[in-house]
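Reader: I have a sequence and a set of coordinates, and I would like to learn how to read the features in them. Can we go through it step by step?

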Amino acid sequence: MKLEIVSPEATLFSGEVSSVSVPGVNGEFQMLNHHASIVSLLTKGNVKFTGNNISIADAFSAKFTKVSNDTYTLAIASGTVELSDNKIIILAN
């Protein structure tokens, strides 16, 4: 599935992933391939995503933490997430 993480200054990440976990207002939840459509507010926490051959632009690599070869996290203060048609868009602050 496609993931885009957008901040007020730029698109921080855009690429194919296999799973995404986000800090929802009612607790953390995970989205996998072909997940049902969803829209949710996000709270302070970490966006965690996993995939093969993840490439993060050098200009934004300092914002991400590499957990393992195929897993990264991004700390956010708040935001929203929308998943529709196997595409996730995270608007993060």
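Predicted model: local features only at pLDDT ≥ 70, side-chain atom pairs only at ≥ 80, totals over all residues.

Reader: Start with the charged pairs. How many salt bridges does the structure hold?

Author: Side chains of opposite charge can pair when their charged atoms come close. The structure holds 2 salt bridges. In one of them, the side chains of Glu4 and Lys87 meet, with 3.5 Å from N to O. Glu4 belongs to strand 1 (residues 2-6) and Lys87 to strand 10 (residues 87-92), so this pair ties together parts that are 83 residues apart in sequence.

Reader: Which residue forms a salt bridge with Glu9?

Author: Lys63 does, and the closest N and O atoms are 3.5 Å apart. Glu9 sits in the loop between strand 1 and strand 2 (11-16), while Lys63 sits in the loop between strand 6 (45-50) and strand 7 (64-68), so the pair ties together parts that are 54 residues apart in sequence. Glu9, at 53% relative accessibility, counts as exposed. Lys63, at 40%, counts as partly exposed.

Reader: Now the rings. How many aromatic pairs does the structure hold?

Author: A pair of aromatic rings is described by the distance of the centres and the angle of the planes. The structure holds 3 aromatic pairs. For Phe13 and Phe49, the ring centres are 4.8 Å apart and the planes stand at 35 degrees, so this pair is tilted. Phe13 is in strand 2 and Phe49 in strand 6, 36 residues apart, and the pair links these distant parts of the chain. Phe13 is buried at a relative accessible area of 3%, and Phe49 is buried at 0%.

Reader: What kind of aromatic pair do Phe49 and Phe64 form?

Author: An edge-to-face one, with 6.0 Å centre to centre and 85 degrees between the planes. Phe49 lies in strand 6 and Phe64 in strand 7, so the pair ties together parts that are 15 residues apart in sequence. Phe64 has 8% relative accessibility and counts as buried. Taken together, ring pairs link Phe13, Phe49, Phe64 and Tyr72 into a cluster.

Reader: What else is Phe64 in contact with?

Author: Leaving aside neighbours within four places in sequence, the contacts of Phe64 include Ile5, Leu12, Ile56, Thr73 and Leu74.

Reader: Which residues of the largest nonpolar core touch the most other members?

Author: This core has 25 residues, and Ile5, Val20, Phe49, Phe64 and Ile90 touch the most other members. Among the elements that give two or more residues to the core are strand 1, strand 6, strand 8 and strand 10.

Reader: Let us follow strand 8. How many of its residues are buried?

Author: 5 of its 6 residues are buried, so strand 8 is mostly covered. On pairing, strand 6 and strand 8 run antiparallel and are joined by 6 bridges. Strand 7 also pairs with strand 8 in the antiparallel sense, over 4 bridges. Strand 7 and strand 8 form a hairpin with 2 residues between them.

Reader: Which residues stand opposite Thr73 in these pairings?

Author: Lys48 stands opposite Thr73 in strand 8. Thr73 is also the bridge partner of Thr65.

Reader: Which side chains do polar contacts join to Thr71?

Author: Thr71 is found in strand 8 (residues 71-76) and counts as buried at 8% relative accessibility. A polar contact of 3.3 Å joins its side chain to that of Thr50. Another polar contact, of 3.3 Å, joins the side chains of Thr71 and Ser68.

Reader: And Ile76: what does it touch?

Author: Ile76 also lies in strand 8 and is buried, with a relative accessible area of 5%. Not counting residues up to four places away in sequence, Ile76 touches several residues, including Pro23, Leu42, Val47 and Ala92. Pro23 is 53 residues from Ile76 along the chain, and their C-alpha atoms are separated by 8.9 Å.

How values were computed. Residues numbered from 1 in each chain as written. Heavy atoms only, no water. Salt bridge = Lys/Arg side-chain N within 4 Å of Asp/Glu carboxyl O. Buried < 20%, exposed > 50% of the residue type's maximum accessible area, 1.4 Å probe, protein only. Polar contact = N/O pair within 3.5 Å; in protein donor to acceptor, adjacent residues only side chain to side chain. Contact = heavy atoms within 4.5 Å. Phe/Tyr/Trp six-rings, centres within 6.5 Å; stacked < 30°, edge-to-face > 60°. Core = buried A, V, L, I, M, F, W, Y, C linked by side-chain atoms within 4.5 Å. Pairing = 2+ DSSP bridges.
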